[in-house]
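Keep the structure open while reading.

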Amino acid sequence: MNISTLKSLPNLLIVDDNTSQLTFLGIALKKHKVNLIKAESGFDALEKTKGLELALAILDVRMPGMDGYELALKMNEERPGEKVPIIFLTGNHINEMQVFKGYGSGAVDYLFKSVDNQILLCKVNVFLDLFNQKQTIIRDAALLKKSADELTRVNAVIKKSEEKYRNLVEN
């Protein structure tokens, strides 16, 4: 893929300290046309995604150094007004408090390891569709603004022309 293609593809972040799990997720997600960003730690993820718009992040809950909850909070703090949808991965049963903690830090869903490929792909499809719809709305809004600006400019020209005509007729 060339650079312009990568820039036009949605960015999908996967973070897991287990390299085999990261590889599995990468292989499963290769079917999607995305710029796949892999990280083995929260710190690595923050560094790799600095300044990037993310369509989705799939984060392991339990990682050394910075867990998935902390990473989710930091990612969304760095993007005011632009919340990243997050799917948390966990290998353990989680209690209600952990679920609330996850949703409070930006989660929209949880998946349990070992992840079923079909379920993963279906959930990712939903978020990529939403991201693409958002991008379409942003592009359409920009086009509407450009059209409105052009109409304002044309109206000003017409008004100026009318004033000249009126002055010419009156004189």
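## Exposure, salt bridges and a helix pair

At 42% relative accessibility, aspartate 149 falls in the partly exposed class. The model is a predicted one.

Q: Is lysine 145 buried or exposed?
A: The cut-off for exposed is over 50% relative accessible area. Lysine 145 has 52% relative accessibility, so the residue counts as exposed.

Q: How many residues apart are glutamate 150 and arginine 153?
A: Their side chains meet in a salt bridge, 2.6 Å from N to O. Glutamate 150 is partly exposed, with a relative accessible area of 38%. Arginine 153 is partly exposed as well, at 46%. Both sit in helix 6, separated by about one helical turn because they are 3 residues apart.

Q: Where is aspartate 109, and is this residue buried or exposed?
A: Aspartate 109 is placed in strand 5, residues 107-112. Buried means under 20% relative accessible area. Aspartate 109 has 17%, so the residue is buried.

Q: With which residue does aspartate 109 form a salt bridge?
A: Leaving aside neighbours within four places in sequence, aspartate 109 is in contact with Ile86, Ile87, Phe88, Tyr103 and Lys123. In the salt bridge, the closest N and O atoms are 2.3 Å apart, and the partner is lysine 123.

Q: How many salt bridges does the structure hold?
A: Among them are aspartate 109 with lysine 123, and glutamate 150 with arginine 153. The structure's total is 5.

Q: Are helix 3 and helix 4 roughly parallel or roughly antiparallel?
A: The axes of helix 3 (residues 42-49) and helix 4 (residues 68-77) come within 10 Å and cross at roughly 20 degrees. Angles under 35 degrees count as roughly parallel. Helix 3 and helix 4 are therefore roughly parallel.

Q: Which residues of helix 4 meet helix 3?
A: The crossing of the two helices is right-handed. The contact residues divide into 4 nonpolar, 1 polar and 1 charged. Helix 3 brings Gly42, Ala45 and Leu46, and helix 4 brings Leu71, Lys74 and Met75.

Definitions and conventions
Residues are numbered from 1 along each chain as its sequence is written. This is a predicted model: local features need pLDDT of at least 70, side-chain atom pairs count only at pLDDT 80 or more; totals for chains, interfaces and linings use all residues. Side-chain values use heavy atoms; hydrogens and water are left out. Axes are lines fitted to C-alpha atoms, for helices over the stretch in contact, and angles run from 0 to 180 degrees between N-to-C directions. Helices (H or I, at least four residues) and strands (E, at least two) are DSSP runs, numbered from the N terminus. Angles under 35 degrees count as roughly parallel, over 145 as roughly antiparallel, 65 to 115 as roughly perpendicular and the rest as oblique. A crossing is left-handed if the near helix is turned anticlockwise from the far one by less than a right angle, and right-handed if clockwise. Contact means heavy atoms within 4.5 Å. Ala, Val, Leu, Ile, Met, Phe, Trp, Tyr, Cys and Pro count as nonpolar, Asp, Glu, Lys and Arg as charged, and the others, Gly among them, as polar. Buried means under 20% relative accessible area, exposed over 50%, partly exposed in between (1.4 Å probe, protein chains only). A salt bridge is a side-chain nitrogen of Lys or Arg within 4 Å of a carboxyl oxygen of Asp or Glu.
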